[in-house]
Amino acid sequence: MRIELLLILVILSLSCKREQQASYEPFFEQAFSIIKNESIKKNETDWEKVKETIKDSITHFNSNDAVYDAIGYLLTLIDDGHSSFADPYTPNKLTIDTFSVPTIESRIINEDIAYIKLPGFTANDSLSRQYALSIRKSLLELDNTAPLSGWIIDLTKDRGGKMSNESLALAPLFENSLIGISCNNQNAFRNIRCEDGYFYFGEFKMDSLIYESQLKNKGKKIAVLVSEKTSSAGEFLALAFDFQEKSRIFGSETKGLTSHCRLFGFKSNAKLLLAVEKYCDKNKAIIQKGIIPDVECPEEESLPQAIAWIKSTP
């Protein structure tokens, strides 16, 4: 009788483990499918081999934590350099409300050149909007000081954030509403525009900053300073100015996170930030690494060279 009871308990235990495996496996398959179909690495990855490697390391999907480990390992294996995964237990910059909006450094240099230095900022939508508005107000304050000979946008320490924020904030400087082009893993191109206070990613109205702003000093030269620390949305902003006729980029090659990421949320409150499109230059050539400045120079030389260019005759 005891042997029969023990046998029943073993059978029930095995059945329970199979049910656990069955309940968590679809979670991993869902995440795997999203990454496989949407990733910028879709066409250069052996996905069956990748899945086999993951399942060799994580043999039992019997908890959310096991699936989280598998997703993190998957991103390591495809190695696109930009994607990230956050489990529900880890503080996430996209949801935390305790960050403070950074102060924007802005001033007039060399008597008539407006200088703005952007640090980048990653936070939730509310704080991101405050950051954009702070930049816009700094822009308008500089514009109201006096006639200017040009603008300097310093992105040497800009580590990125929400891609629309800084572009919308500085949109009054753009003379061309087309500020970017992206390409997905099916070789389909999308135009990125700032127009009438809205940020468009293709036909999708991604974000807005409706704040009445007319610049007195529009149409002047714009120098953009970059470095190897300039990354992600900071790199996109540098490209946005490269789409403008009277701009020039100074400094060293940027970090190379030149891809657009999309945020995917799961029922468990885990979040996947996945690189899904690559940025392109004005000729629709995909930017594979960092942005090469028009004038390459050490970081400490970029500001004086930018001033000299702005002060030179057209």
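The structure holds twelve salt bridges, a salt bridge being a side-chain nitrogen of Lys or Arg within 4 Å of a carboxyl oxygen of Asp or Glu. This is a predicted model, in which local features need pLDDT of at least 70 and side-chain atom pairs count only at pLDDT 80 or more, while totals for chains, interfaces and linings use all residues. Residues are numbered from 1 along each chain as its sequence is written, and side-chain values use heavy atoms, with hydrogens and water left out.

Select E25 and K55 to begin: they form a salt bridge whose closest N and O atoms are 2.8 Å apart. E25 lies in helix α1 (residues 2–38) and K55 in helix α2 (residues 47–57), so the pair ties together parts that are 30 residues apart in sequence; helices (H or I, at least four residues) and strands (E, at least two) are DSSP runs, numbered from the N terminus. E25 counts as buried at 18% relative accessibility, where buried means under 20% relative accessible area, exposed over 50% and partly exposed in between (1.4 Å probe, protein chains only).

Next, select D125 and K162, which meet in a salt bridge of 3.0 Å, N to O. Here D125 counts as exposed, at 54% relative accessibility, and K162 as partly exposed, at 27%.

Move on to the sheet, where six strands lie in the order β2-β3-β4-β9-β10-β13, forming an open sheet with mixed pairing; two strands pair if DSSP finds at least two bridges between them. The edge strands, each pairing on one side only, are β2 (105–109) and β13 (295–296). Within the sheet, β4 (residues 150–154) and β9 (residues 221–226) run parallel and are joined by five bridges; W151 has I222 as its bridge partner in β9.

Finally, turn to the rings, of which a search of the whole structure finds 13 aromatic pairs; rings of Phe, Tyr and Trp (its six-membered ring) pair if their centres lie within 6.5 Å, and planes under 30 degrees apart count as stacked, over 60 as edge-to-face and the rest as tilted. Selecting Y198 and Y200 shows ring centres 6.3 Å apart and planes at 50°, so the pair is tilted. F199 and F236 form an edge-to-face pair, 6.1 Å centre to centre with 65° between the planes, and it links F199 in strand β7 (residues 198–201) with F236 in helix α6 (residues 233–242), 37 residues apart.
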